[in-house]
Amino acid sequence: MKQSAGMLMFRRGAALEVLLVHPGGPFFKNKDLGSWSLPKGELAEGEDPLACALREFQEETGLTACAPYLALGEIIQKGGKRVQAWAFDGSALEVDCSVPPPSNTFEIEWPPRSSKRAIFPEVDRLGLFDLAEAGQKILPAQAELLQRLTDKLALDSEQNAP
């Protein structure tokens with residue numbers, strides 16, 4: 001069973017926002033709703049999941065996640081892939097969603113059955129979305145992570161209230 005780990009950056013402001021990434025390549029070029037994801041990647045054999053999440057976040061966004069990290073647990077995506085996730089407050093990070101992120105690339109035969117190879121970015125864009133919009137954009141199986149984030153932040157607020 002494939003396993004991945006990822007980071008969900010959030011910002012507190014007038015509305016809570018989260019950073020999502022849109023997958024690159026021809027299959028997702030014209031897809032929007034239900035296609036975005038938290039930055040994540042596959043675990044290498046014996047790799048620490050949090051270390052993987054931090055590495056993948058940096059590779060896919062060009063940003064460095066900052067502690068503390070909130071564990072969001074694990075979800076299972078439609079194809080059976082397990083994803084462990086953490087969140088962090090990225091309010092201090094500058095994010096420019098108008099430029100393509102410095103993502104890794106992958107190579108596939110494109111167009112199909114053409115014997116031609118093409119290289120595409122793993123991630124072709126970043127987006128900061130309020131929770132309502134993020135809930136529509138994110139892969140359906142990952143929407144649970146948005147709920148877990150809001151639950152944890154609400155619990156933290158209650159515990160820190162005077």
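Modeller: Start with Phe10. Setting aside neighbours within four places in sequence, Phe10 is in contact with Leu16, Glu17, Val18, Leu70, Ala87, Phe88, Asp89, Gly90, Ser91, Leu149 and Leu153. Keep in mind that this is a predicted model.

Biologist: What makes each of those a contact?

Modeller: The cut-off is heavy atoms within 4.5 Å. Each residue named for Phe10 counts as a contact, so each has heavy atoms within that cut-off.

Biologist: Which residues have the most contacts inside the largest nonpolar core?

Modeller: They are Leu8, Phe10, Val18, Leu20, Leu72, Ala87 and Leu149. This core has 20 residues. Strands S1, S2, S4 and S5 and helix H3 each give two or more residues to this core. H3 gives the most, with four residues. A second, separate core has 17 residues, including Met9, Ala65, Val95 and Val123.

Biologist: Why might nonpolar side chains be found together?

Modeller: In soluble globular proteins, they tend to be buried together.

Biologist: Why is Leu20 called buried?

Modeller: Buried means under 20% relative accessible area. Leu20 has 0%, so Leu20 counts as buried. Leu20 sits in strand S2, residues 17–23. Beyond four places in sequence, Leu20 touches several residues, among them Leu8, Trp36, Phe129 and Lys137.

Biologist: Lys137 has a charged partner. How do you know that Asp32 and Lys137 form a salt bridge?

Modeller: The cut-off is 4 Å between a side-chain nitrogen of Lys or Arg and a carboxyl oxygen of Asp or Glu. In this pair the closest N and O atoms are 2.6 Å apart. That value is within the cut-off, so the pair counts as a salt bridge. Asp32 lies in the loop between S2 and strand S3, while Lys137 lies in helix H2, and the two are 105 residues apart.

Biologist: How many salt bridges does the structure hold?

Modeller: There are 10. One of them joins Arg55 to Glu56, with the closest N and O atoms 3.0 Å apart. Arg55 is partly exposed because its relative accessible area is 31%. Glu56 has 8%, so Glu56 is buried. Glu47, Arg55, Glu56 and Glu59 are linked in a network of salt bridges.

Biologist: What makes S4 and S5 a pair?

Modeller: Pairing needs at least two bridges between the strands. S4 (residues 70–76) and S5 (residues 82–89) have six, in the antiparallel sense. Six meets the requirement, so the two strands pair. Ile75 stands opposite Val83 in S5. The hairpin has five residues between the strands, and Gly80 takes a positive phi near 100° there. Arg82 in turn forms a salt bridge with Glu74, the closest N and O atoms being 2.7 Å apart.

Biologist: Why single out some peptide bonds and phi values?

Modeller: Most residues other than glycine have a negative phi, and most peptide bonds are trans.

Biologist: Which residues does a cis peptide bond join?

Modeller: Another joins Trp110 and Pro111, with omega about -5°. Pro68 lies in the loop between helix H1 and S4. Pro111 lies in the loop between strands S6 and S7.

Biologist: What is the phi of Arg113, and of Ser115?

Modeller: Arg113 has a positive phi of about 60°, although Arg113 is not a glycine. Ser115 has a phi near 65°. Arg113 is in the loop between S6 and S7, and Ser115 is in the loop between S6 and S7.

Biologist: Why are Arg113 and Ser115 called exposed?

Modeller: Exposed means over 50%. Arg113 has 77%, so Arg113 is exposed. Ser115 has 68%, so Ser115 counts as exposed.

Biologist: Now the whole chain. Which elements does it have, and in what order?

Modeller: The chain has three helices and eight strands. From the N terminus on, they run β-β-β-α-β-β-β-β-β-α-α.

Biologist: Why is the chain called as compact as a globular protein of that length?

Modeller: The radius of gyration is 16 Å. The globule rule gives 15 Å for 162 residues. The two values are close, so the chain is as compact as a globular protein of that length. Buried residues make up 40% of the 162 residues.

Terms used: Residues are numbered from 1 along each chain as its sequence is written. This is a predicted model: local features need pLDDT of at least 70, side-chain atom pairs count only at pLDDT 80 or more; totals for chains, interfaces and linings use all residues. Side-chain values use heavy atoms; hydrogens and water are left out. Buried means under 20% relative accessible area, exposed over 50%, partly exposed in between (1.4 Å probe, protein chains only). The radius of gyration is taken over C-alpha atoms; the globule rule is 2.2 Å times the number of residues to the power 0.38. A nonpolar core is a set of buried Ala, Val, Leu, Ile, Met, Phe, Trp, Tyr and Cys residues joined through side-chain atoms within 4.5 Å.
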